[in-house]
Amino acid sequence: TATETFIGRRDDEVFGDSVGKALQALKQQVIKTGKGIRFDIELPLPEAKLYYDMTIETLLDDNGDFQGLIGVAVEIDKRKRAEEARNRSDEFLLPVFYAAKMGVWETSAIDGHIIRSASHDRIFGYETPPPEWSIEYYLQTHVMPEDLPKEFEIARYVTTTQGDWEYSSRFRKLNGEFAWLMVRGCTELNPDGSIKSMMGLCVDITEQKEAEAIGPADPETLA
């Protein structure tokens, strides 16, 4: 989009009345509270409607006096479209995933954001999705200290290994209960070793692990 499209024009002139008023309201909120905000927004640009991760902050002088506002917008359209596609898929597959205690996830090649199915979060005890999910968040929230060495090793392995991988590990649900997870996935790396894409399937195998711990049933008991 040419810079001339925006210079000297109001938000409503560039984006239309509805989006323009919404942006003006958010800017007034920042001015009133003095606190910056960050949000996702779909902007109707001349070429197409695109999603942006937008931040609005106050601009202060050396004395701390208000001088104006500064905004930064980062395009996240591919990520948002992927999330929308995942949500549509969830509507169809979610009952199956819930019944099988199964979830799917994918790491965005754009910004490293992890996209998950709702059934993924349900495995860990969430009725509503946490705002963000990452390997760091998982380790801090769902892994016991004594299990961290193994989990660090797994995390290094799956983020540096080209191709398919599989592992199982113990984790702690949001309510404190212990459970077991089996994860199968695939990692594709860039030439410099950074992650190009990573996706996987996770399954709650707690009942299987408990049955293995008990051992095989006595044939006479089954007769």
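Visitor: In which element is confidence lowest, and in which is it highest?

Guide: This is a predicted model, where local features need pLDDT of at least 70, side-chain atom pairs count only at pLDDT 80 or more, and totals for chains, interfaces and linings use all residues. Residues are numbered from 1 along each chain as its sequence is written, and side-chain values use heavy atoms, with hydrogens and water left out. Confidence here is pLDDT, the predictor's score for each residue from 0 to 100, and helices (H or I, at least four residues) and strands (E, at least two) are DSSP runs numbered from the N terminus. The lowest mean, 55, belongs to helix H8 (residues 219–222), and the highest, 91, to strand S6 (residues 163–172).

Visitor: How many salt bridges does a search of the whole structure find?

Guide: A pair counts when a side-chain nitrogen of Lys or Arg is within 4 Å of a carboxyl oxygen of Asp or Glu. With that rule, the search of the whole structure turns up 7.

Visitor: Which residue meets Lys21 in a salt bridge?

Guide: Look in helix H2, where the two partners sit 4 residues apart, about one turn of the helix. Lys21 is exposed, with a relative accessible area of 55%. Its partner, at 3.4 Å from N to O, is Asp17.

Visitor: Is Asp53 buried or exposed?

Guide: Asp53 has a salt bridge with Arg38, at 2.5 Å from N to O. That pair links distant parts of the chain, with Asp53 in strand S2 (residues 49–60) and Arg38 in strand S1 (residues 37–44). The cut-offs are under 20% relative accessible area for buried, over 50% for exposed and partly exposed in between (1.4 Å probe, protein chains only). At 9% relative accessibility, Asp53 counts as buried.

Visitor: Which residues are linked in a network with Arg170?

Guide: Glu146 forms a salt bridge with Arg170, their closest N and O atoms being 3.3 Å apart. Glu146 lies in the loop between helix H5 (135–142) and helix H6 (148–160) and Arg170 in strand S6, so the pair ties together parts 24 residues apart in sequence. The residues networked with Arg170 by salt bridges are Glu146 and Asp147.

Visitor: Which residues does Ile31 touch, not counting those up to four places away in sequence?

Guide: Ile31 is in helix H2 (residues 17–33) and is partly exposed, at 38%. Contact means heavy atoms within 4.5 Å. By that rule, leaving out residues up to four places away, Ile31 touches Phe66 and Leu69.
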